[in-house]
Amino acid sequence: MLSAMRRLAAFCLCLVLCFGLAACSGGAKAKPATISPEEMAVIRRQAEGFISAQERLPELAALVNKRDWTFTRNLIHGPMQEVGREMLYINQRLLPGDRAEANELATSLKDALANLDEAARLQDGVKLQKAYVEVATGFSNYAKVIPAQALS
């Protein structure tokens with residue numbers, strides 16, 4: 001009788017393991033490792049705004065070099081203001097494996113823009129130059145995480 005109970009228990013354990021493994025496989029619910037066309041359209045739309053702000057860097061550099069405190073801040077708070085939101089929308093639609101790096105680069109760029117704004121507010125030329133270099137580097141680094149399909 002004990003032997004029969006062991007066999008029954010082993011059989012039940014085998015069934016539970018089989019169904020458990022089948023349930024964990026994901027099957028048809030597994031997401032592909034690509035960005036859907038709908039998500040790519042959102043990334044493309046947000047990337048246009050990001051690139052538009054990035055194209056204003058030479059204008060920002062000229063203002064920084066002239067130490068034009070007011071217009072430097074106006075450019076940051078005007079045309080470049082939406083960069084943080086655009087990066088957020090892009091990051092949400094990237095592949096999960098790319099999101100951590102993209103979030104880190106976005107935070108770095110936003111911090112650099114805040115430092116540039118603060119340097120202009122304080123009218124500190126040395127900090128302004130350093131912060132501009134950080135902003136330009138931040139734009140360049142973040143642009144690398146945007147999928148090539150969104151830029152074409």
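How many helices and how many strands are there in the protein? After that, what does the count of aromatic pairs come to, and which residues form one aromatic cluster?

Modeller: This is a predicted model, in which local features need pLDDT of at least 70 and side-chain atom pairs count only at pLDDT 80 or more, while totals for chains, interfaces and linings use all residues. Residues are numbered from 1 along each chain as its sequence is written, and side-chain values use heavy atoms, with hydrogens and water left out.

The protein has eight helices and zero strands; these are DSSP runs numbered from the N terminus, helices being H or I with at least four residues and strands E with at least two. Along the sequence the pattern is α-α-α-α-α-α-α-α. Of the 152 residues, 31% count as buried, meaning under 20% relative accessible area, with exposed being over 50% and partly exposed in between (1.4 Å probe, protein chains only). Among contacts (heavy atoms within 4.5 Å) with a separation of 6 or more, residues 24 or more positions apart account for 74%.

Now the aromatic part. Rings of Phe, Tyr and Trp (its six-membered ring) pair if their centres lie within 6.5 Å; planes under 30 degrees apart count as stacked, over 60 as edge-to-face and the rest as tilted. By this rule the count comes to two aromatic pairs. In one of them, the ring centres of Phe-50 and Phe-139 are 5.2 Å apart and the planes are at 40°, so the pair is tilted. Phe-50 sits in helix H2 (residues 37-54) and Phe-139 in helix H7 (residues 125-143), so that this pair links distant parts of the chain, 89 residues apart. Both of these residues, Phe-50 and Phe-139, are buried. Phe-50 also pairs with Tyr-142: the centres are 5.2 Å apart and the planes are at 55°, so this pair is tilted. With Phe-50 in helix H2 and Tyr-142 in helix H7, the pair ties together parts that are 92 residues apart in sequence. Tyr-142 is buried, as is Phe-50. Phe-50, Phe-139 and Tyr-142 form one aromatic cluster.

Leu-94 lies in the loop between helix H5 (83-93) and H6, and its relative accessibility of 2% counts as buried. Leaving aside neighbours within four places in sequence, Leu-94 is in contact with Ile-35, Ile-43, Arg-99, Ala-102, Val-145 and Pro-147. Asp-117, in helix H6 (residues 96-122), is buried at a relative accessible area of 13%. Not counting residues up to four places away in sequence, Asp-117 touches Arg-73, Ile-76 and His-77.
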